[in-house]
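Here's a quick briefing to read alongside the model. Have the viewer open and follow along topic by topic.

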Amino acid sequence: MPLDQYQREINYLRVSLTDACNLRCVYCMPEHMAFRRPAELLNDAELFRLIPLFARLGFNKIRFTGGEPTLRRSLVELVRHAANQPGIRQVGLTTNALLLDQLARPLAEAGLATVNVSLDSLDPERFRQLTRWGNVRDVLEGLAAAEEAGLRIKLNAVPTRGVNDRDDAVALASLTLTHDWQVRFIELMPFANNAGFQTENIVREDELRAHMETSFGPLESVNEGRLDGEARVFRIPGARGTLGFISPVSRPFCAACNRVRLTADGRLRLCLLRDDEGDLRERLRQGATDDELETSIRAAIHRKPWGHDLAGDRIPASRGMSEIGG
Ligand code: SAM
Ligand code: SF4
């Protein structure tokens, strides 16, 4: 199992399959976003080669993300490949769910265990406002297909001040009363392309939780307050599912970080909110052997930064969320 310089075990790889997307969420990317050319992205052969190397190094969890990972034609094959690697215990997907209607079953059959679906509002108008051109009905159909295929479901919502941080957040949380899902609220994070927007619109965990408690009464702490991945988990009394609060800005969880990200253009991003990266694509294309690639991966992981420095006003400048793989 690779250790970083702070002796954290790094065993979770998030793989971005594309920086492109079929939505344009206002907090994630501008409406007229320029995407990378296909030749800049890792091709299937390169991904099929890298994934087993991470498994061999001791990684046990892989999540495919993007951009929108369901736009990648080979997604089902990549999931099958990852799920079949010795040592890989869980393969997950983060998606806006627009294409899950068709894909949920083949993905589940290929070995996908969990799906995190981004859904910021159940209200059609508000959903469109946040995604610029999405139809919430498509997401609900995708979710129904995921449930029918037996995938474990988490919802991700990013509360944005004055838009979906009140009634919409409560309506999303209410889904846990009847569904065994985790509905997670992610604090808005700053990147070069949205830093002003983030500063004005972030809703911090304390405020959101207080709002939830005015609607539902005191929330029960789950797991005795221990993190579930990056989320602090609570339950509305009597609910089937749980609420997760992911608060990288107001309550950083860097000490428990166990992940690195492989960007669609083949960089190993060591911390979501720091620009330090290792370049695997050029190593691959220069003909590096598996052993040489493993050495590069280990060396990059070793220098993984302790954490972000948003408090010191250091905002990631080189990429936005959709170009990293959130
Ligand atoms: N397209 C897929 C989706 O939306 O689920 C996967 C990629 S998306 C970048 C992954 C997650 O990042 C989504 O849940 C999205 O809401 C979240 N996200 C995007 N920009 C963000 C930001 N600036 N701060 C916090 N979360 C953000
Ligand atoms: Fe696309 Fe996901 Fe970003 Fe929305 S959050 S624009 S769905 S990548």
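**A buried aspartate, a ligand and a few other spots**

Asp265 is found in the loop between strand S11 (259-262) and strand S12 (267-269); helices (H or I, at least four residues) and strands (E, at least two) are DSSP runs, numbered from the N terminus. Keep in mind that this is a predicted model, where local features need pLDDT of at least 70, side-chain atom pairs count only at pLDDT 80 or more, and totals for chains, interfaces and linings use all residues. As for bookkeeping, residues are numbered from 1 along each chain as its sequence is written, chains are lettered from A and ligands numbered from 1 in the order in which they are written, and side-chain values use heavy atoms, with hydrogens and water left out.

**Around Asp265**

- Asp265 is buried, at a relative accessible area of 5% (buried means under 20% relative accessible area, exposed over 50%, partly exposed in between, with a 1.4 Å probe and protein chains only).
- Its side chain makes a polar contact of 2.5 Å with the side chain of Thr263 and another of 3.1 Å with the side chain of Arg319. A polar contact is a pair of N or O atoms within 3.5 Å; within protein, one must be able to donate a hydrogen and the other to accept it, and residues adjacent in sequence count only if both atoms are side-chain atoms.
- Setting aside residues up to four places away in sequence, Asp265 touches Arg36, Glu40, Leu41, Leu42, Arg281 and Arg319 (contact means heavy atoms within 4.5 Å).

**Ligand 1**

- There are 19 residues around ligand 1, and Tyr27, Gly67, Glu68, Ser118 and Met189 come nearest (a residue is near a molecule or strand if one of its heavy atoms lies within 4 Å of it).
- On the oxygen side, one ligand 1 oxygen atom is 3.1 Å from an N or O atom in the side chain of Tyr27, and an oxygen atom of ligand 1 is 3.3 Å from a polar backbone atom of Thr95.
- A nitrogen atom of ligand 1 is 3.2 Å from an N or O atom in the side chain of Asn194.
- Taken alone, ligand 1 exposes 550 Å², and the protein buries 96% of that (areas come from the Shrake-Rupley method with a 1.4 Å probe; for residues, only the protein chains shown count as cover).

- Thr65, in strand S2, is buried with a relative accessible area of 3%.
- The Thr65 side chain reaches the backbone oxygen of Gly326 at 3.4 Å.
- Beyond its neighbours within four places in sequence, Thr65 is in contact with several residues, including Arg14, Val15, Ser16, Thr94 and Gly325.
- Helix H2 (residues 75-83) has Leu75, Val76, Leu78, Val79, His81 and Ala82 buried.
- Those buried H2 residues pack against helix H1 (44-57), strand S2 (61-65), strand S3 (90-95) and helix H3 (100-110).

**Positive phi angles**

- Most residues other than glycine have a negative phi.
- Gln7 is not a glycine, yet has a positive phi of about 70°; you'll find Gln7 in the segment before strand S1 (12-16), exposed at 55% relative accessibility.
- Glu224 also isn't glycine and has a positive phi, near 50°. Glu224 is in the loop between strand S7 (220-221) and strand S8 (227-228), and counts as exposed at 71% relative accessibility.
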